[in-house]
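User: I have a protein model to look at. Can you take me through some of its features?

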Amino acid sequence: MIKDNQKHLNRLHVVIDAVIITVSYLIAYWMVFGWMGRYPGLPRDIYFSALFYLVPGGLILYWVFHLYEPMRAMGRRLELFNVLKANLTFLLLITLVLYLAKERLQHFSRPMIFLFVGLNFTFEAAFRVTLRSILRNFRRKGYNLKHVLLIGYSRAAQGYIDRVLANPEWGYLIRGILDDHAERGTEYKGIRVLGPIANLEEILPMNRLDEIAITLSINEYDKLEKIVNACEKSGVHTKFIPDYNKVIPTKPYTEDLQGLPVINIRNVPLTDSFNAAVKRIVDILGGTFALVLFSPVMLVVAIAVKVSSPGPVIFSQERVGLHNKSFKMYKFRSMEVQKPSDEKTAWTTKGDPRVTAVGKFIRKTSIDELPQLWNIVKGDMSLVGPRPERPHFVEKFREEIPRYMVKHQVRPGLTGWAQVNGYRGDTSITKRIEYDLYYIENWSLGLDFKIIFLTFFKGFVNKNAY
């Protein structure tokens, strides 16, 4: 029943999305060529025939950006962000097509396209927010609910119950728990243990459940095959919520090795060749553009550094990067020239006498980092990623902080998620790694652009830089 409802809802989504794309386009056409008293540089038929490509193209993009997946567990902000990404991609693709076909479509109105995509995003976002509100009210009243039975009273069961109760709009109703060790009637936040796991054979034929969630404790996995077979035989959808969050603290992902399911300990999107290639292209283009843009600033700083104290303008330092490989990272020199042995192991502290007058300013404003744009173009670094550290400190932190070395699975960055959240300079390394791991596991181009945007407001001036 639930699956049929989801299919009907998806079909309704597709139809309404197609209507929204069409209406947005027609309104944009009317506003540009009707309200403003202008006339199209192309025949009207060409404008209207474009809908035969725009409607299916927009629907495919919505599918690519996961907008037809069940809304139950997808956050509202994530859904709206996916709508935004889909529409921005839509705009880029339309612009690319117009550029490639400029001989035939050079007079196609660009303002109309921008207006169309803006209206489409606005209407689509409003529709999805309204639909969420309607579904949430229905589910709060007891309609369109998924009835779930948990098998196994464990930490996984408690975690699942906590999240379901905190998000009633998901529409999950937990009917109870079956467990061989907890006494019948044992409760966790109002959810009762109904009896032993053997009772499953009596419950399944009643056909009143939409899902079975297997939440066995880690020492009971020997029962798993028998339980799954019973659930599959009844036709009830079954999912497995493993009780090993201490081993895998963040989201894992699976892959198919010729029929053998393999659970990866950590999801790293940038290990995908396509993702890595896209990010590298952005780094090359962005790094080159930034080098040109900031070249006047870099010239002034170079002169100031040279005049203020004796020594080289550019300071290079060994850092650990992708796959634990060392590279030379470049900065404007902000300190007096010192012995290499001191430089490798000394941490900069507040009031450090080694910092020059010019160095204090360029460190505070992060201008000393600008030469790293060359590291980005070379491929040592990325625009966005975990900040690289010196080998001495890498060896120290790898022993003290669990999962510290995971950060080296991606290229280090000029700026990062930890930095825009305030963890720079003399701040908690443990918290910094938490933010770095979040970035590594949740990477997307959208997140990169968000971090770059926030860097201009939060990342340049650093109160913890001494």
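**Charge, hairpin and sheet**

Analyst: Take R76 to start. R76 has a relative accessible area of 47%. The model is a predicted one.

User: Is R76 buried, partly exposed or exposed?

Analyst: The relative accessible area of R76 is 47%. Buried means under 20%, and exposed means over 50%. The value lies in between, so R76 is partly exposed.

User: Which elements give two or more residues to the positive patch?

Analyst: The positive surface patch is formed by R76, R77, K450 and K458. R76 has its place in helix α4. Two or more residues come from each of α4 (76-100) and α17 (445-459).

User: In the hairpin of β9 and β10, which residue in the turn has a positive phi?

Analyst: Strands β9 (residues 314-320) and β10 (residues 326-332) run antiparallel, joined by 7 bridges. V320 stands opposite S326 in β10. Between the two strands are 5 residues. The turn residue with a positive phi, about 60°, is H323.

User: Which strands stand at the edges of the open sheet of 6 strands?

Analyst: The order is β3-β4-β2-β1-β5-β6, with mixed pairing. An edge strand here has a single partner strand, so one side of it is left without a neighbour in the sheet. The edge strands are β3 (187-188) and β6 (237-240).

User: Which residue in β2 is the bridge partner of L150?

Analyst: Strand β1 (residues 146-151) is joined to β2 (residues 172-178) by 6 bridges. These two strands run parallel. In β2, the bridge partner of L150 is I177.

Technical notes. Residues numbered from 1 in each chain as written. Predicted model: local features only at pLDDT ≥ 70, side-chain atom pairs only at ≥ 80, totals over all residues. Heavy atoms only, no water. Patch = residues over 30% accessible without salt bridge, like charges linked within 9 Å, V, L, I, M, F, W, Y side chains within 5 Å. Areas by Shrake-Rupley, 256 points an atom, 1.4 Å probe, with all protein chains shown as cover. Salt bridge = Lys/Arg side-chain N within 4 Å of Asp/Glu carboxyl O. Lys, Arg positive; Asp, Glu negative; His and termini not counted. Charge placed at Lys NZ, Arg CZ, Asp CG, Glu CD. Helix = DSSP H or I, 4+ residues; strand = E, 2+ residues; numbered from the N terminus. Buried < 20%, exposed > 50% of the residue type's maximum accessible area, 1.4 Å probe, protein only. Pairing = 2+ DSSP bridges.
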